[in-house]
Amino acid sequence: MTIPADMKFLIVDDFSTMRRIVRGLLKEIGYTNAEEAEDGAVALNMLKNGRYDFVVSDINMPNMNGFELLKAIKADDALKHLPVLMVTAEAKKEDIVLAAQSGAAGYIVKPFTKATLEEKVQKIMQKLTATA
Amino acid sequence: MSPDQLPPMTMPAASPEIFQQLGTLTRQLHDTLNMLGVLPHLQSSVDNLPDARSRLTYIASKTEQAAERVLNLVDDAKADQSHIADETRKLAALIVADPVKAVASGAVMNFVQDVETTTQRVDQHLTDIMMAQDFHDLTGQVVAKVVKLANDLEGQLVKLLVQAAPPEQAQRVEAALTAALPASTGQPTLEGPVVDADGRTDVVSNQSEVDDLLASLGF
């Protein structure tokens with residue numbers, strides 16, 4: 001499928017190393033436009049004050065965790081259309097189910113591979129294109 | 001008189017009154033600590049120590065794996081780089097000797113294809129080295145859990161110390177130690193990386209289990 005060149009990602013993780021890894025992988029996949037936030041609160045502020053197309057978020061973060069961010073995005077009429085892909089070390093089944101029920105577009109457990117990230121992002125993009 | 005000829009040493013037997021008093025004091029101390037909530041918390045912190053041990057083992061294992069992986073990938077990348085350098089020198093010699101023959105024999109085109117294949121491989125090594133750094137996130141979360149446990153344990157021991165201090169010193173000790181203790185971070189009860197998934201049915205152990213779970217729920 002064709003990748004929209006100006007597609008803008010927001011990568012949310014409290015570990016700068018992981019933000020750089022996700023950013024690097026997205027670049028390799030073909031998405032070069034990405035910004036970073038260190039927790040949910042910072043991310044929500046950025047989302048409300050900028051234009052983004054895709055959110056990749058960790059769950060376990062200080063200030064505002066990924067679940068709270070996901071719920072805030074889905075409760076905001078201006079943001080609820082945004083796909084949110086959870087990339088997290090949380091492997092409890094109840095967390096995975098809660099994320100899906102809260103509106104997450106996908107769920108990746110760490111450690112993950114480039115192929116997994118690429119597959120999930122492409123799948124979400126295909127769904128978006130189909131429903132657009 | 002040799003040592004084995006000495007009469008055996010005996011402790012004076014405690015009188016029944018002293019024994020009774022010691023028992024009462026011990027019971028009072030136990031009840032007081034329980035009432036103050038020190039013992040249950042202390043017990044809970046101590047119960048978490050085996051978990052802290054398995055978390056530290058997880059950190060040691062993750063960091064070792066990451067270091068090994070990176071060193072192996074660097075070895076591979078250096079071998080590829082060395083191969084390109086060798087081939088470049090050989091081609092340069094061929095071109096200097098006979099430029100027309102170097103092209104006509106296919107040596108130049110072979111070199112170009114070789115460089116393309118090798119650089120793709122080096123690029124993959126670099127991606128893998130980048131991915132290996134995920135140990136920082138995974139172990140960092142586990143370190144935070146162990147630090148929290150150490151803080152909890154310290155807090156409970158401080159309470160115990162304050163209770164045991166003479167009344168005139170207790171307030172000063174409490175004020176000094178409370179100031180020194182870090183404030184609670186109010187972290188949510190998220191579990192972080194699973195350090196030991198054996199025998200657990202409430203967690204997934206890989207991405208395909210996540211996908212299966214979500215698919216079973218219609219997501």
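**Chain B helices and its side facing chain A**

User: Hi! What pattern does chain B follow along the sequence?
Analyst: Chain B reads α-α-α-α-α-α-α-α. Here helices (H or I, at least four residues) and strands (E, at least two) are DSSP runs, numbered from the N terminus. That gives 8 helices and 0 strands. This is a predicted model: local features need pLDDT of at least 70 and side-chain atom pairs count only at pLDDT 80 or more, while totals for chains, interfaces and linings use all residues. Residues are numbered from 1 along each chain as its sequence is written, and chains are lettered from A and ligands numbered from 1 in the order in which they are written.

User: Why does the span of α3 in chain B agree with its residue count?
Analyst: Helix α3 (residues 49–97) of chain B has 49 residues, so at 1.5 Å a residue it should span 72 Å, and its end C-alpha atoms are 72 Å apart. The expected span is 1.5 Å times one less than the number of residues.

User: Which residues are buried in α3(B)?
Analyst: Arg55(B), Ala66(B) and Leu73(B). Buried means 20 or more other C-beta atoms, placed from the backbone, within 10 Å of the residue's own. They pack against α5 and α6 of chain B.

User: Switching topic: how many residues of chain B are in contact with chain A?
Analyst: 25 residues of chain B are in contact with 25 of chain A, contact being C-beta atoms, placed from the backbone, within 7 Å.

User: Which helix of chain B gives the most to that side?
Analyst: α6(B), with 5 residues.

Key: Two residues are in contact if their C-beta atoms, placed from the backbone, lie within 7 Å. A residue is buried if 20 or more other C-beta atoms lie within 10 Å of its own, exposed if 12 or fewer, and partly exposed in between; C-beta atoms are placed from the backbone.
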